[in-house]
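Let us read this structure together, one feature at a time. Ask as you go.

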Amino acid sequence: MNGFISHLTSTLSEGTGFWVLTFIKILLLLFIVLTVNAYLTWFERKVVAHMQSRIGPHRVGPHGLLQPAADGLKFLFKEDVMPAGVDKFVYLLAPFLALTLSLASLAVIPFGPQPLPFPFFGHQINLWITNPDIGLLILFAITALGVYGVALAGWASNSKYPLLGGLRSSAQMVSYELALTMSVVGVVLMANSFSLTDIINQQDSSKYGFLGWNIIGIHSFTQVVGFLCFFISAIAETNRVPFDLPEAESELVAGFHTEYSSFKFAMFFIAEYTSMITVSALCTILFFGGWHSPFPAAPFWHFTHYLPSVTLLPFGLWVIYDGIKYETIWGRLVLPLIGAVITAIGAALLIFPAANEFIQAPFWLLGKVFFFLFFYVWARGTLPRFRYDQLMNIGWKLLLPVSIVNVIITAGVVLLRTKP
Amino acid sequence: MVPTQYYLVLSAILFGLGVAAFVFRRNVITIFMSIELMLNAVNLSFVAFSQSMPATNAHKLDGQLFVLFVIVVAAAEAAVGLGIIILTARNRQSLNVERVDLLKL
Amino acid sequence: MPNQPILEHLWIIPLLPLLGGAINGLFGTKWPNKIVNTVALSATGLSFLAAVEAVREFITYVAPTGQIFRKEFFDWIFTGASAGNFRIGFDLQMDQLTVVMVLVVTGVGFLIHIYATGYMAHEGGYYRFFSYLNLFMFFMLILVLAANYVLLFVGWEGVGLASYLLIGFYFLKKSASDAGKKAFIVNRIGDFGFMLGMFLLFRTFHTLDFSQLFHQVATQDWPHEGWGVFGTFTVAGLLLFTGACGKSAQLPLYVWLPDAMEGPTPVSALIHAATMVTAGVYVVARSHILFQHSETALVVVAIVGCATAFFAATIGLVQTDIKKVLAYSTVSQLGYMFLACGVGAFSAGIFHLMTHAFFKALLFLAAGSVIHAMGGEQDMLRMGGLRKSIKYTFATMFIATLAIAGIPPLAGFFSKDSILLSAYSIPGGHPLYFVGLLTALLTALYMFRLVFLTFWGKPRYDEHHVHVHESPWSMLGPLVVLAVLSVVGGWLAAPALWGGKDYFTEFLAPVFGSGEAAGAAAAIDEAAAHSLEIALAIVAVLTAALGIAVAYWLYLRQPKKPAELAKSLQPVYRTLYNKYWVDELYAATVVRPLVWISDHVLWKIVDVEAIDGTVNGIAHGATAIGDRVRHTQSGNTRSYAAWVVVGALVVIVIVFWPTLRPMIGMVTK
Amino acid sequence: MSAPLIIFFVLAALAVIGAVSLILQKHPIHSALSLIVVMVALAGLYLLMGAEFVAAVQIIVYGGAIMVLFVLVIMLLNAGEEERTDFSKLAKFGGLPLALALTGLLAAAMVRHGSSIPNLETPGALAPTGQLSTLLFTTFVYPFELTSFLILVAIMGALVLAQREKS
């Protein structure tokens, strides 16, 4: 294993082409993620609305598809109020910190095994920004620092509710970080590496399909307990329902970002959704085989490779159909267009097998990520909020011990397995 | 490659700064932080020494292990120390160490 | 060896009394006398039985082999090879000499314990007394059983301690406690000599173990140190003898013994008559080989012994305190023993030691019984006519008196006779002989004076107040036993008179063999020797008879006479009565200067000025420094921090000095 | 000037600046933030030295736990800017020269001595986390257990201290 340092030096010794490429990659990723964030809000509102048998946003654009854009504009153009008596520096620092860290954590997440087929000025284009041997550790390090955004925001805005929210959330995050870290140790033990790609490769599904994933763990040992602990504490870590005490509207107005308005508020918002994505990706990578498809690689299962197009084509067609009989003229124009694009992509995948093969890994990865995102929303739509003491009890008295036990058992099993 | 010497000098400087903070600051929490700073400086030299050893040396990693121990101890220290600080602040209504110069109230 | 259970565990014999003493001393406070004396008696009694058994085993199994029994129980002092393997072990040994001593000590000791239960019945500190007494037994047994000088010295000091404690038993009485101190201090002088002797021996022979040391002396041929030659043996012998003088109350260190009579009578009997005071004799006899190598030492011993004997006897003539008389007689008898040793007749000395233990113990106990009967009266001039009222006491005491006076066939006769014989038979021993003879005369005189004053004549005490009563059997029993012993005690040596052989000497021969040779070398052929022996015996008896007659004439016929004599020989009488002013002399020459120095120099200057001055000075200095330094303890964390930094700086400078010096040079340049 | 050297100087500068601002900041929160900067910079240096695990632990524990505690306490006690008292003459007048002297001496000693310390030219031979843990659980197992015990004690101590005395 050639560690981070050699990795670093090698990357530094790369030519400017590499730098340009990485820069573009970063910009691209940021763009994608921010867009996804935006539409995640839309998605959330829609789903929750439907769960509550409402329609949700549908005024702005067809099916309210432009709602996020509208919100964005609103954030941009609203007056940026800075409350009196705040600690300016910290007050400004907090949102930046939050956003930067949550975005930075994306840098180490790999989206696919093999690079794009065409090089960029002699540099192969991997589906990740960087892939260090200690990706997981770096992720946790970043998560650990994530506390400050919230805490400082709460403190800096010099007001009761934010302070309480800040205290609460920092306490909560610190507490759940332990469980979070412990619950992953099992996976690390089995993969015997901190590198995310190693972890994914270890849960290879080419033979037994999804049985190879850590959640089932036919290769070594099931991590279902670890997964539960991880996911619960991940939700708490991201301050989402049912652990959204930092921003308990009913108690603290809006928690730590009460005093934040317009774009600074948006930053917190984006940070939260980004970390949701990160966590979902992490779940996928650690427990659900990352980009491995749930089906074995045996020729018999080859037809599953057409699943992307098989999902895309009907969806696109449905969108067109739905668009045609949309009430507004604007919708009747736009929706079929989108549908057409989707259908085209699906068709293209059928036509170009190489592209199809290439798309498999990202497809599965993103599919799982999407599922987890949906789960987030689902939870929000259904579960009530915990009380603070309950929260702490779950964190310290349930998750932490359980995950520790899980670590011990896993270690034992791994030991037995490795014994010749 | 960076000469080990640089790291050592850096750690010396950081340590000195920590000492300075300890002497100059009056807020007990800050003083506590300056202690942490000194610990960090020492850790730096630990790691520097450890990496300066050839890989063949059996004790190469000891330095890093010491760092781990130091960190753990620092954590424990912080837990207890901050508890004490909270208590003192509660009883004396002051965080200024110069105002807390009596053994009993 | 399975058939020597006790001998293999010789330590039992001394340990039992120690246990008794410890138990009584620790728990006896609340106990009734019954339990206390049960403990004490069982301890000593068992120890006596053990001793008897041990002796039996020794005589049956070991003695025939011509060996001595010796066993190392544990290392007491052992410096590893680094310090030349110097070893002082807790080693006990048993040879013929030890046999005699052990039997005497335990036997007489046991009897006296029994006696004491009666005598002390009404005294306070009963448990204390017995605990001390047992302690004494322990140390005495250690002394006689020890197999090296150091262990012997332990016992030696131990008995000193016990005697100190017991003399000062009535510590509320100033005279008693003073007497205790006096005994202790005077003994220190002797012990100092003893230690020096030990050091010299160790320096010469690199061992203090009897068997090794004596073996060296015997095997390697050392130059025989003639008269006036002060070689190793002479000096060592004399130093050891100094110790012996202290312990056995010889000139010039005898002064403590008469005062020691302040202690309870059983103590006087056991410690200051029968056992402890004979330790000196024992030591001289034990190291006889050293003495035999040095004429000077022997001569000194003989002369000192002889002189003491006569000197003490003369003082004994005029004392009126019954115990004082006995005390002086003890001193003089001890003188006899040393005389014997001095003339090389060690076995005779030991023989006299044994017999003397019997009759002198008896005398003391009887005297105690008399005092008991008189209700604490000790002055003979206030007694008289007790013959009828306390028969048993009288009878036993009379026997003892005959014994000490040297009337055949009682014990004293034989022992004293053998001593005189050997004194006579060595070249140039005649003066010694005659002095000894004179002493014998005086002995008979003052002893019978004592008896006559006490038991005959009219009662000189107030019969209305003093109710004379015979002592309980617990006291009389021992008297009787001892009386029997004082009669038969000497018969071991009796056959010598009619041509037989002296069993006692023969028994001790393995120990003193060479010594006797020296003594007998001077003797002429058997027949002449025998006739001489008879002649001397007759002379001795006559002398004794003469003494008795004089006593009879003076104290029964003309009771006025003594007073007139005293008046006519005023100076002599006063001299004797005041014990030659020896105490006063010592007081003037030693005690008072010492007191003056301690008072004016040691106390007023050394102690007050130097020592107290230093201590107080240190204290004041500390206070002063504290006053200055206190201000750094401001409680201000920042200043503390600054101080810490200062310290750190110093440390760094010290540690990195070699690196920093050139830089400083650069800076200054 | 090779890449690692650049990184080193950047991080070192960051650390020193952080430390200096720790001293100069008026408000404890700012000091805490500066300290966090120092720690992150040091973590970077550890990475540079190839001590990945240490770096991660540095950030997770120091940055994520200890400093959070500090920040929390500062918030809890609502600590304001510190008052400028100078009761200690020594600290007031002697403080700066002393600190400077200490720093200077240490640095000088390092400069002199450091040259004697070997430098590994090869970037390899960094600390595989596996080896580290192996060492931790074999050679250093007793210290390890001891520290765990220490932490237990510390937890209990913190509990005892933190709970308000009930009246």
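**Reading the model**

A: Start with two helices: the axes of helix α3 (residues 33–62) of chain C and helix α5 (residues 126–145) of chain C come within 9 Å and cross at roughly 10°. Axes are lines fitted to C-alpha atoms, for helices over the stretch in contact, and angles run from 0 to 180 degrees between N-to-C directions. Helices (H or I, at least four residues) and strands (E, at least two) are DSSP runs, numbered from the N terminus. This is a predicted model: local features need pLDDT of at least 70, side-chain atom pairs count only at pLDDT 80 or more, and totals for chains, interfaces and linings use all residues. Residues are numbered from 1 along each chain as its sequence is written, with chains lettered from A and ligands numbered from 1 in the order in which they are written.

Q: Why is α3(C) called roughly parallel to α5(C)?
A: Angles under 35 degrees count as roughly parallel, over 145 as roughly antiparallel, 65 to 115 as roughly perpendicular and the rest as oblique. The crossing of roughly 10° therefore makes α3(C) roughly parallel to α5(C).

Q: Which residues in α3(C) and α5(C) meet?
A: Two residues are in contact if their C-beta atoms, placed from the backbone, lie within 7 Å. On α3(C), the residues include C:Asn33, C:Val36 and C:Ala40. On α5(C), they include C:Tyr126, C:Phe130 and C:Met137. By class, the contact has eight nonpolar, five polar and no charged residues. Ala, Val, Leu, Ile, Met, Phe, Trp, Tyr, Cys and Pro count as nonpolar, Asp, Glu, Lys and Arg as charged, and the others, Gly among them, as polar.

Q: What is the secondary structure of chain C?
A: Chain C has 27 helices and two strands. Among its contacts between residues at least 6 apart in sequence, 81% join residues at least 24 apart.

Q: Is B:Leu8 buried or exposed?
A: A residue is buried if 20 or more other C-beta atoms lie within 10 Å of its own, exposed if 12 or fewer, and partly exposed in between; C-beta atoms are placed from the backbone. B:Leu8 sits in helix α1 of chain B. It is buried because 23 other C-beta atoms lie within 10 Å. Its C-alpha atom is 7.6 Å from that of B:Leu44, 36 residues apart along the chain.

Q: Where is C:Pro459?
A: C:Pro459 lies in the loop between α20 (430–455) and α21 (473–488) of chain C. It counts as partly exposed because it has 14 C-beta neighbours inside 10 Å. Neighbours within four places aside, C:Pro459 is in contact with C:Gly384 and C:Gly385. The C-alpha atoms of C:Pro459 and C:Gly384 are separated by 4.5 Å, though 75 residues apart along the chain.

Q: How many residues has the largest nonpolar core?
A: A nonpolar core is a set of buried Ala, Val, Leu, Ile, Met, Phe, Trp, Tyr and Cys residues joined through C-beta atoms within 7 Å. The largest has 210 residues, and C:Phe136 is among those with the most contacts inside it. Helix α16 (residues 346–374) of chain C gives the most to this core, 19 residues. C:Phe136 touches C:Val159, C:Ala162, C:Leu166 and C:Ile271, leaving out residues up to four places away in sequence.

Q: How many residues of chain B are in contact with chain D?
A: 63 residues of chain B are in contact with 77 residues of chain D. On the chain B side, α3(B) gives the largest share, 21 residues. That side has 47 nonpolar, twelve polar and four charged residues.
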